[in-house]
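I am opening a notebook on a structure that is new to me. I will write down what I look up, entry by entry.

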Amino acid sequence: MKTAIIGAGLAGLSCALTLEKNGHTADIFEQRKEAGFGYNIAELMTPILHAPINDAVKFFSETHDIHIKPTYNVQKIYAHSENESAYVEGNIGFINLRGDHKYAFEKQLAEQLVHSKIHYDQHVSYEEISKAYTHVVLATGDPQDTQQIQPYEIALKSTFAGAIVKGDFIRNEVHTWFNNHFAPKGMGYLLPHSKTEASLVIVYPQYEAEWVEKRGEFWEEMLSQASRTLNQEIVVEEEFTIMDYMVGRCKYPRIGNTFFAGNCFGAITPFLGFGQTGSILSGIYAAQDICGLGDYEKLCKPLYKDYDDSLVLRRAVESLDNHQLDLVTKSLHNAAVKKIVTQPNMSVLKGLSHLLKPFISK
Ligand SMILES: Cc1cc2nc3c(=O)[nH]c(=O)nc-3n(C[C@H](O)[C@H](O)[C@H](O)COP(=O)(O)OP(=O)(O)OC[C@H]3O[C@@H](n4cnc5c(N)ncnc54)[C@H](O)[C@@H]3O)c2cc1C
């Protein structure tokens, strides 16, 4: 058996690690000079929509012997709408770094490999690789690669506008903004990298061409809102824009001995765009199938369900205007609602659906 993994990201490396733990090795091809996402940002890892996994870090460690150390645990998430602000507290998830950061998740995963070789600086295509290997795992993080091979249903394409910013931040507090004036049908968020550095980002679907054109204007508004909310000057260090970022899912997780993992599978839950947990899971599941320990299609079923449930929630939130978003935010002041949203061992989806129900039916 000869396995090739295209992409040394979260899915590809989790796949390689699981293969190793079961006595197999893989050739991993990575187009960059080292393991690392293309953006040096912070991301959020939350249990949202992956019930019953409540603590993904603990789960990967104890169940799959894959160890990742996040930078901070999140204790408080603020939601800001046009005229309201509220927060929820509890063990809400983790902040972790990506990209060139020394402790980026993909670097941590790469360091755990013992026998598999990562071939850096190798941009390879499925076409050329598939001839020389018995098994191929497509884990390039780019659904367009999946589309070359099979149908990929797109839920939305997104625009990101953001920056690494400097300021004075509380490390385990995250801020989110839901305001259609500058993040139409999307959101803004601030994730601290440290006490003095953070990722400040807006992400929204590209439903209207005008929204894409206005990304600079929206971003400036986000920046001034963040400065106002946090009551300080936020200084931009390094700006970035991403367009046409696809959120969707492939029709077939596996075709013959080709496996689609991570974003190439459809690991992003469309509601808020979290894809890290699903990407790692899909990489593990692909390896389990290759090792004869499971059936990838069956193992992926809960991921498809998470995706579908999350898409329903996204469509619901997209239907809310700013006034309704204010009402949802206001309801977070209610102790009973706070408890539902943050209660451990409960499906966060259920909690959120419960929270949104009265506003959506209006
Ligand atoms: C700006 C932004 C913010 C995000 N925030 C969050 C968040 O807060 N929480 C969350 O859970 N998710 C978030 N996501 C989504 C999450 O990052 C992805 O779902 C996840 O990284 C996908 O993992 P992957 O392994 O499929 O791809 P990646 O981690 O992107 O890895 C793919 C790898 O393949 C390599 N590659 C690509 N093409 C080739 C080729 N032809 N040959 C060789 N190598 C190749 C790439 O260089 C890369 O290293 C965010 C995404 C973006 C863009």
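**Entry 1: the model**

I note at the start that this is a predicted model. I count residues from 1 along the chain.

**Entry 2: around the ligand**

I began with the ligand. Which residues come nearest to it? Of the 33 residues around the ligand, I found that Ala11, Glu30, Leu44, Val124 and Asn263 do. I then sorted the shell by class. It has 16 nonpolar residues, 13 polar ones and 4 charged ones.

Next I asked which helices and strands each supply at least two residues of the shell. I listed helix H1 (10–21), strand S3 (42–45), strand S12 (235–250) and helix H8 (276–290).

**Entry 3: polar atoms at the ligand**

His123 has a polar side-chain atom 3.4 Å from a nitrogen atom of the ligand. Gln276 uses its backbone: an N or O atom there lies 2.9 Å from a ligand oxygen atom. For Ser279 I looked at the side chain, where an N or O atom is 3.3 Å from an oxygen atom of the ligand.

How much of the ligand's accessible area does the protein cover? On its own the ligand has 1,000 Å² of accessible area, and the protein covers 95% of that.

**Entry 4: the nonpolar cores**

I moved on to the cores. A general point first: nonpolar side chains tend to be buried together in soluble globular proteins. The largest nonpolar core in this model has 56 residues. Which of them touch the most other members? I wrote down Leu13, Met45, Phe60 and Phe265.

I followed up Leu13. Setting aside neighbours within four places in sequence, I found Leu13 in contact with Ala8, Ile28, Ala35, Glu106, Leu109, Ala110, Leu113 and Ile118. Another core lies apart from the largest one. That core has 27 residues, among them Phe160, Met187, Val203 and Phe274.

**Entry 5: Glu43**

Glu43 sits in strand S3. Is Glu43 buried or exposed? I found a relative accessible area of 16%, so Glu43 is buried, the limit being under 20%. The side chain of Glu43 makes a polar contact of 3.1 Å with the side chain of Arg98. Beyond four places in sequence, the contacts of Glu43 are Phe37, Phe94, Ile95, Asn96, Arg98, Leu191 and Gln276.

**Entry 6: Pro184 and Lys185**

Both are in one loop. I placed Pro184 between strand S9 (173–177) and strand S10 (187–192), and Lys185 in the loop between S9 and S10. Pro184 is buried, at 4% relative accessibility. Lys185 is partly exposed, at 31%.

What does Pro184 touch outside its sequence neighbourhood? Not counting residues up to four places away, I listed Asn179, Tyr204, Pro205, Trp211 and Phe218. I also checked Pro184 against His67, 117 residues away along the chain. Their C-alpha atoms are 37 Å apart.

For Lys185 I looked at the backbone. Its phi is near 60 degrees, a positive value. Most residues other than glycine have a negative phi.

**Entry 7: Asp121**

Asp121 also has a positive phi, near 60 degrees. I found Asp121 in the loop between strand S6 (117–119) and helix H4 (126–130). Its relative accessible area is 47%, so I logged Asp121 as partly exposed.

**Entry 8: Asp244**

Asp244 is in strand S12, which also supplies residues to the ligand shell. At 42% relative accessibility, Asp244 is partly exposed. What does Asp244 touch, leaving out residues up to four places away? I found Lys157, Ser158 and Gln206. Asp244 and Gln206 are 38 residues apart along the chain, and their C-alpha atoms are 7.6 Å apart.

**Entry 9: Ala161**

Ala161 counts as buried, at 4% relative accessibility. Apart from neighbours within four places, Ala161 is in contact with Leu200, Val201, Ile202, Arg215, Trp219 and Phe240. I also compared Ala161 with Gly38. The two are 123 residues apart in sequence and 15 Å apart in space, C-alpha to C-alpha.

Terms used: Predicted model: local features only at pLDDT ≥ 70, side-chain atom pairs only at ≥ 80, totals over all residues. Heavy atoms only, no water. Near = heavy atom within 4 Å. Polar contact = N/O pair within 3.5 Å; in protein donor to acceptor, adjacent residues only side chain to side chain. Areas by Shrake-Rupley, 256 points an atom, 1.4 Å probe, with all protein chains shown as cover. Helix = DSSP H or I, 4+ residues; strand = E, 2+ residues; numbered from the N terminus. Nonpolar A, V, L, I, M, F, W, Y, C, P; charged D, E, K, R; others polar. Core = buried A, V, L, I, M, F, W, Y, C linked by side-chain atoms within 4.5 Å. Buried < 20%, exposed > 50% of the residue type's maximum accessible area, 1.4 Å probe, protein only. Contact = heavy atoms within 4.5 Å.
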